[in-house]
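Here's a quick briefing on rings, the core and a surface patch. Have a look at the model, then read on.

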Amino acid sequence: MNVLAAYQRISRWPAGRWLFSRLVCWKAPYFASIAPRIESLEPGRGIATLAHRRRVTNHLGTVHAIALCNLAEFVGGLACDVSIPPSMRWIPKGMTVVYLRKAVGRMRAIATPAFPPRDAEAGYELPFEVVVEDPAGDVVFRATIAMWVSPKSAR
């Protein structure tokens, strides 16, 4: 499935971004636990949101730290998928996170690669930076996701 082509086609429809987000959650069911919504997706950049509701709330009444990690992996993975050359594939290898302040309200995550993806004969690590902002635009969370990008196997 060409993720970018699917996003571009479906996002034009009424409620298309919602539907695209649901399809991603159907393909990768764990993401459905936070009900993320993709807002924008293009090579080199992805933006997704997470509504602050009871199921993602911790005992302090803020968005749970792991819900923020899930949002980061959701948008980082989609941004990686649409950014790398078609001859390459990816898988998350690790994630480093920093929690900067209490996360209250709708969270907005922006994912970008640390450097332009490239075609290669061997695998390489491609870090994706994810910044999560609260409704005021204050950064509440940062993540660096180490994506392992490698050539697709010939079948």
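This is a predicted model: local features need pLDDT of at least 70, side-chain atom pairs count only at pLDDT 80 or more; totals for chains, interfaces and linings use all residues.

Residues are numbered from 1 along each chain as its sequence is written, and side-chain values use heavy atoms, with hydrogens and water left out.

**The core**

- The largest nonpolar core has 45 residues, and F20, I38, M107, V130 and V132 touch the most other members.
- Such a core is a set of buried Ala, Val, Leu, Ile, Met, Phe, Trp, Tyr and Cys residues joined through side-chain atoms within 4.5 Å.
- Two or more residues each come from α1, α2, β1, β2 (45–50), α3 (65–83), β4 (107–113), β5 (124–133) and β6; helices (H or I, at least four residues) and strands (E, at least two) are DSSP runs, numbered from the N terminus.

**Aromatic pairs**

- There are three aromatic pairs, counting rings of Phe, Tyr and Trp (its six-membered ring) with centres within 6.5 Å; planes under 30 degrees apart are stacked, over 60 edge-to-face and the rest tilted.
- One of them is Y7 with F20, edge-to-face at 5.2 Å centre to centre and 75° between the planes.
- Y7 sits in helix α1 (residues 3–10) and F20 in helix α2, so this pair ties together parts 13 residues apart in sequence.
- F141 is buried at 0% relative accessible area, while Y99 is partly exposed at 42%.

**A charge over a ring**

- R118 lies over the face of Y124, 3.9 Å from the ring centre (the cut-offs are NZ of Lys or CZ of Arg within 6 Å of the centre and within 35 degrees of the ring normal).

**The surface**

- Y99 turns up again here: with Y30 and I66 it forms a nonpolar surface patch of about 340 Å² of accessible area together.
- Y30 is exposed at 55% relative accessible area, and its place is the loop between α2 (16–27) and β1 (37–42).
- Patch residues have over 30% relative accessible area and no salt bridge, with nonpolar side chains (Val, Leu, Ile, Met, Phe, Trp, Tyr) joined within 5 Å and like charges within 9 Å.
- A salt bridge is a side-chain nitrogen of Lys or Arg within 4 Å of a carboxyl oxygen of Asp or Glu, and accessible areas come from the Shrake-Rupley method with a 1.4 Å probe, where for residues only the protein chains shown count as cover.

Definitions and conventions
Buried means under 20% relative accessible area, exposed over 50%, partly exposed in between (1.4 Å probe, protein chains only).
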